[in-house]
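Opened the notebook for a quick look at one residue, its strand and the pockets. Jotting things down as I go.

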Amino acid sequence: MKCRNILPNEVFTVPLDAPVRTVAALLAEKGISAVPVVDHGKVVGIVSEGDLLHRQELGTERYRTRFSWLNLITDRSALADFERKEHGMRARDIMTRDVLSVSEDASLGEIADTLESNNVKRLLVLRGDRLVGVVSRANIVRALAARPDGAAAPAAADDEEIRYAVIEALESIKGTSPWLTTVIVSGGIVSLYGTVEEESAHAPSRDRIRALAHVVDMKDYRTVLQPY
C-alpha cells in the first residue's frame, strides 16, 4: 500500500498572511489537525493544533502555565520563538518552518518509519515539487481499521483501481464529494471517512459504491457536515 492509497483527497492551505483566527477556524471546520502555509505556490511551513495551544487570547501563554520567564530568559532563541507563536497574529508568525515531506509513492512502511524516527505526527506529500496532501498517523490508523478481520497481508494492487472508481462515483452524486471524503480500499472493502453535505446523500452513495465492480463490501463512517 502506497501513500497515495490513504491520502485524503482535498488539500487545504493558507497564505503567509492568513490571520491566526482564520487558521484556527479552518482546522475546526474541516476537522483537520494541521494546514500547510504557502507563499506563491511554495510550501514554507505548517500550522498545527500544537502551534495554537499557547495563545495570549486564551491566557494559555507558557509563563502563565507550567513555564517560568526566569527559566526561559536564559535561552533567547527559545524565548523569541515562544513569543512569536503566542503573540503573533498571522500564519507566518506561528507556523513551524522545518517540515518533512515524502513522495506520494512512498510505502506505508517508509511513512511510519519517518514519522517515528523524527517524532512527528504528519508529513507533507509531494508530487515532484507540488503539494498533493498531508499524511498523518491518523491516516495510517484508519488504513489499519479498514483491513478485514484476520487479514495478515497488505492490500492487493487492484484496490487502487476500485478507489479511483469510488472517487468518480462520489463526484456524480448530489450532496457528496471526493474532496470531503477519505476513501480507503482494502481487499475490495471500501471504507469512507469524512462528511456528506446532507443526510439524504448517504443512501444513494452507498448503493452506488456497493454496485461497483469488484467491491466486496463497504463501511461508511462519514458524518453530516455541520454548518458554522
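Below are my entries, and I keep in mind that this is a predicted model.

**Entry 1: the serine.** I started with Ser191 and found it in strand E8, which covers residues 189-196. Is Ser191 buried or exposed? I noted it as buried, because its relative accessibility is 0% and the cut-off for buried is under 20%.

**Entry 2: its contacts.** Leaving out residues up to four places away in sequence, I listed what Ser191 touches: Ala146, Thr182, Val183, Ile184, Lys219 and Tyr221.

**Entry 3: the partner strand.** Next I checked E8 against strand E9 (residues 217-220), and the two pair in the parallel sense over 4 bridges. How does the chain get from E8 to E9? I followed it through helix H9 (residues 202-210), and this β-α-β crossover is right-handed. I also looked up Val190, which stands opposite Met218 in E9.

**Entry 4: the largest pocket.** I got a volume of about 720 Å³ for the largest pocket. It has 33 lining residues, and those nearest its centre are Pro8, Lys30, Gly31, Ile32 and Arg142. E8 turns up again here, among the elements that give two or more residues to the lining; helix H2 (20-30) and strand E7 (181-186) are also among them. By type I have the lining down as 15 nonpolar, 12 polar and 6 charged.

**Entry 5: the second largest pocket.** For this one I wrote down about 420 Å³.

Terms used: Residues are numbered from 1 along each chain as its sequence is written. This is a predicted model: local features need pLDDT of at least 70, side-chain atom pairs count only at pLDDT 80 or more; totals for chains, interfaces and linings use all residues. Side-chain values use heavy atoms; hydrogens and water are left out. Buried means under 20% relative accessible area, exposed over 50%, partly exposed in between (1.4 Å probe, protein chains only). Contact means heavy atoms within 4.5 Å. Two strands pair if DSSP finds at least two bridges between them. A crossover is right-handed if, with the strands pointing away from the viewer, the path from the first strand over the helix to the second runs clockwise. On a 1 Å grid over the protein atoms alone, a cavity is a set of points where a 1.4 Å probe fits but cannot get out, and a pocket is an open set with protein on both sides within 12 Å along at least five of seven lines; lining residues have an atom within 4 Å of a point. Grid points are joined across faces, edges and corners, and a volume is the space filled by probe spheres set on the points. Ala, Val, Leu, Ile, Met, Phe, Trp, Tyr, Cys and Pro count as nonpolar, Asp, Glu, Lys and Arg as charged, and the others, Gly among them, as polar.
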